[in-house]
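Here are my notes on the model you sent. They are set out as numbered points, to be read beside the coordinates.

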Amino acid sequence: MLQVENTLFTIVMISYFASMVLYFIYIAAKKEIFSKIAFALQAFGFVLHTVAIVCRGIGAGRLPLTNQYEFATSFAWGLCLLGMIFILRFKFYVMGAFISPVVFLMIGYAAMQSKEVRELMPALRSGWLGFHVSTAIIAYGAFGVSFVLGIIFLLRDKLREHGFLDQHIPDKQKLDLIEYRSVALGMLFLSFTIITGAIWAERAWGSYWSWDPKETWSLVTWIIYAIYLHLRIRRGYKGKSAAIFAVIGFICVLFTYIGVNTFIPGIHSYK
Amino acid sequence: MTVRKGFFKFISSMKFAVILLGVLAAVCCIGSFVTQNQTYAWYTARYSERTAALILALHLDDVFHSWYFILISGFLCLNLLLCNVLRLPAIIRKTRGGTSFRERLGYWGAWITHVGVLLLILGYSLGQITYKEYAAYGVPGQSMAIGDTGLVMTIDDFRIDLRQDDTVEQYTSEITVYDLASSSEGRKAKVSVNNPADLYGYRFYQNSTGWAADVSIQKDGTDLQKDTVCAGDYLVVADKPDLVVYFNAFYPDYVMVPGKGPSSLSGNINNPAYLYSVYFRGQILGMNVLMQDEVLTIDEYSVRFSNPQSYTLIQIKKDSFTRFALIGGLVILVGLIVSFYVKPPKRKEEDASS
């Protein structure tokens, strides 16, 4: 099963890369057909990615959500899923050219991690693992989408010179709304992540909040998006300021996931 | 507008909330980068003396319990409370104008979320002030009093379940807890990682484990005392309290690594060795490794380590406000769902038009 997963993982990486290139061609060639092919390839990669994760789970005999590799590949999966949902929901194929590099970078990061299957330490053997990590995957995926939308928002005026992009990117008001939708989804799921994590921590470590660096940074991320939501309803702060916070928020997400595990040791450092 | 009114308006404003959140995030960042709860010597070794002094002066060594962290959290609670109180009449007015339950509910999202955050902060803060925590450790057969709780815990059994590759699957302690105030029989429980037990209003957690050994002392060839001592603990010589034998560490599969010192090749008891120190009136007399069956002689005393076994450490805790904080968390979730997905018609129209 793990060999199957390995093979599928390689195909998934190639699919995501090809999809990213096709999204770029779509913008360069200004032909709609490329966006459809790019999306189809992304969807194909996503399906195989799902199968690969399932194979990993069967091969490991547990939920494949416990080490840096497993979470990185799941993170890429969540980004891809949320990206596709938002592309389809808002018929916004240009977004594919922005989200696909993020997905590819994340799966590239996963490829650099050790794929060794290790047995779980007692603290990780809990039913809460599935709830805690799967909600984090959705939250991070949604925040990835809001990051991309924040970038597009900030570049919107410059992209106006590119006639094709100007036509295919929604106006700032709608961009802001889509970005808000993705932040709202991420915020809800991040709250689920923090709360399920706290319940689990109480059972495993005897304390539901220990100010462990990972916990602290997930709180920082939550606060950044809380600021985003407050700014958005203040007159004069909607739009650009909110977009900047959407970008900062995702940088916090990345630091919570990669930075904390790499630079600040704590009880969450399951490498 | 008077200064008082202006101040009141400011501390109840969203602008103040955003400033507080920003400061709180910044303080949390600092707290995550500076290793918490270390000594001045530790910070000096890690940074420079000046930085270490600055860390202590600014309470950066315990940011999350510092006066400014508590002040920010207090102001945030005040801001949320005022915001919710001031907005309540307008929300009630709008709710009365609603035609359906969903529409009426839609106005309450942010309000409910704020209540949740308030409950969470209050629950956590009260828990921090009132919680009680104890630790009890030992080997099967030992009994110990649990702090000032009036409870006594007996360790009936302790198991470490290993997988085929020698990794640990689970730590399980079987305990019996007695309430000294009542004459009733003790209550038995099985405690393992992720599976705490609730007894007499306290929660018992399987916290950690380590090595223990029997330490026997003879005086002039006659048995003087024998006790089970956990690594990290000490034994006071019964008839000479100035003399103390400290059990530093246990190496089940002992090997001396040049440049590194004593180490263990595996977790299996193949070549047991005990690292000990001897103190007399607080002054260290010596430190060395004693192999199984080797005898340490200090004047007329002979010390022997034997029967290495795992001890269990049980954490005992009482935090009556954990549920309060949990309810706060659940209220936040409800508030966010209402905020984002149960929208009043006016906001729906705005979204549609944009």
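1. Start with helix 7 of chain B, where the buried residues are B:Gly109, B:Ile112, B:Thr113, B:His114, B:Gly116, B:Leu119, B:Leu120, B:Gly123, B:Tyr124 and B:Gly127. Please keep in mind that this is a predicted model. An α-helix has 3.6 residues a turn, so residues three or four places apart point the same way.

2. Helix 7 of chain B covers residues 109–130, 22 residues in total. From its first C-alpha to its last it reaches 31 Å, close to the 32 Å expected at 1.5 Å a residue.

3. Strand 7 of chain B (residues 202–219) pairs with strand 6 (residues 197–199) of chain B through 3 bridges, and the two run antiparallel. Within this pair, B:Asp198 has B:Arg203 of strand 7 as its bridge partner. The two strands make a hairpin with 2 residues between them. In that turn, B:Tyr200 has a positive phi of about 50 degrees.

4. Strand 7 of chain B also pairs with strand 8 (residues 222–230) of chain B, in the antiparallel sense and over 8 bridges. Here the bridge partner of B:Gln218 is B:Asp223 in strand 8. This pair, too, is a hairpin with 2 residues between the strands, and B:Asp220 in the turn has a positive phi of about 50 degrees.

5. A further partner of strand 7 of chain B is strand 16 (residues 301–318) of chain B. The pairing is antiparallel and extends over 15 bridges. B:Ile217 stands opposite B:Val303 of strand 16.

6. On to chain A: how many helices and strands does it have? There are 9 helices and 0 strands. Its C-alpha atoms fill a box of roughly 55 × 45 × 30 Å along the principal axes. The radius of gyration of chain A is 19 Å, which agrees with a compact globule, because 271 residues in such a globule would give a value near 18 Å. Buried residues account for 53% of the 271. Of the contacts in chain A between residues at least 6 apart in sequence, 78% join residues at least 24 apart.

7. The contact between the chains takes 37 residues from chain A and 40 residues from chain B. Helix 7 (172–205) and helix 8 (213–232) of chain A each supply at least two residues of the chain A side. Helix 7 of chain A gives the largest share of that side, 14 residues. By type, the chain A side divides into 25 nonpolar, 6 polar and 6 charged residues.

8. In soluble globular proteins, nonpolar side chains tend to be buried together. The largest nonpolar core in this model has 112 residues, and A:Ala76 and A:Val103 touch the most other members. Helix 7 of chain A provides the largest share of this core, 18 residues. Leaving aside neighbours within four places in sequence, A:Ala76 is in contact with A:Val103, A:Met106, A:Ile107 and A:Ala110. A second, separate core of 37 residues includes B:Tyr202, B:Phe204, B:Ala213 and B:Ile314.

Note on methods: Residues numbered from 1 in each chain as written. Chains lettered and ligands numbered in written order. Predicted model: local features only at pLDDT ≥ 70, side-chain atom pairs only at ≥ 80, totals over all residues. Helix = DSSP H or I, 4+ residues; strand = E, 2+ residues; numbered from the N terminus. Rg over C-alpha atoms; globule rule 2.2 N^0.38 Å. Buried ≥ 20, exposed ≤ 12 C-beta atoms within 10 Å, placed from the backbone. Contact = placed C-beta atoms within 7 Å. Nonpolar A, V, L, I, M, F, W, Y, C, P; charged D, E, K, R; others polar. Core = buried A, V, L, I, M, F, W, Y, C linked by C-beta atoms within 7 Å. Expected span 1.5 Å × (residues − 1). Pairing = 2+ DSSP bridges.
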